[in-house]
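Thank you all for coming.

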Amino acid sequence: MQTSVDFVRTAVAGKEDLSEAATKVAALPYASLLMDDGQYRAVMVLGNDDEGRLSWHSRQAVVFLCEGGVLCGTHGLRAGLDGARIEGDNPFTDLRTVGEAGITVRRYDWRSGYRYGVPVTGVLRRVGQETMADPLGRSRTLARYEERLEGPGVEGTNTYWVDPATGMLWKSRQLAAPDVYLEINLIKPYRRRSQ
């Protein structure tokens, strides 16, 4: 176990070519992804599952949290997202069930400017499908969803790419702070063990 952990630390250290690191990490038994915020880019591995709230870690003490593939917190990134939560029904549990347009209401908590409880409304809709390569070069045809966001000091668009057969979220570009987005590419999915 320790040898595998040491290997992951080496692979995500940021010294290697990230596509090579992604290939090495994918060979391990750990869930992994590639994260990019425009300034920091790393292969990350799953650190913890706290009742559906997943924490993803890099060697440089960068952490981001998500629930059902939706970003809900960061640590060590330029976007200081203390929390994000969806109020009411969560369409992200299976985006394939979203009709012509679904509405989401979120509350964001940002350290910068001490902005907590910022209400943001999202209009979510499927906009087509795309064929794209994942970090390992595998080609996938995915359904594309866009979520138009508006709120006080916030205007933007989240984008999600989902397997139309399984509902697996393979790639997303999500707002972490005003004008700061995280691009998340799944390398190896996490499958929860049944209890």
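By a polar contact I mean a pair of N or O atoms within 3.5 Å, where, within protein, one must be able to donate a hydrogen and the other to accept it, and where residues adjacent in sequence count only if both atoms are side-chain atoms. What you see is a predicted model, in which local features need pLDDT of at least 70 and side-chain atom pairs count only at pLDDT 80 or more, while totals for chains, interfaces and linings use all residues. Residues are numbered from 1 along each chain as its sequence is written, and side-chain values use heavy atoms, with hydrogens and water left out.

Let us begin with Gln-174, which is found in strand 11, strands being DSSP runs of E, at least two residues, numbered from the N terminus. The side chain of Gln-174 reaches the backbone nitrogen of Leu-71 at 2.8 Å, although these two residues are 103 apart in sequence, with 6.9 Å from C-alpha to C-alpha. Is Gln-174 buried or exposed? Gln-174 counts as buried because its relative accessibility is 1%, where buried means under 20% relative accessible area, exposed over 50%, and partly exposed in between (1.4 Å probe, protein chains only).

Leaving out residues up to four places away in sequence, Gln-174 touches, among others, Gly-69, Asn-158, Tyr-160 and Leu-182, a contact being heavy atoms within 4.5 Å.

Notes
Helices (H or I, at least four residues) and strands (E, at least two) are DSSP runs, numbered from the N terminus.
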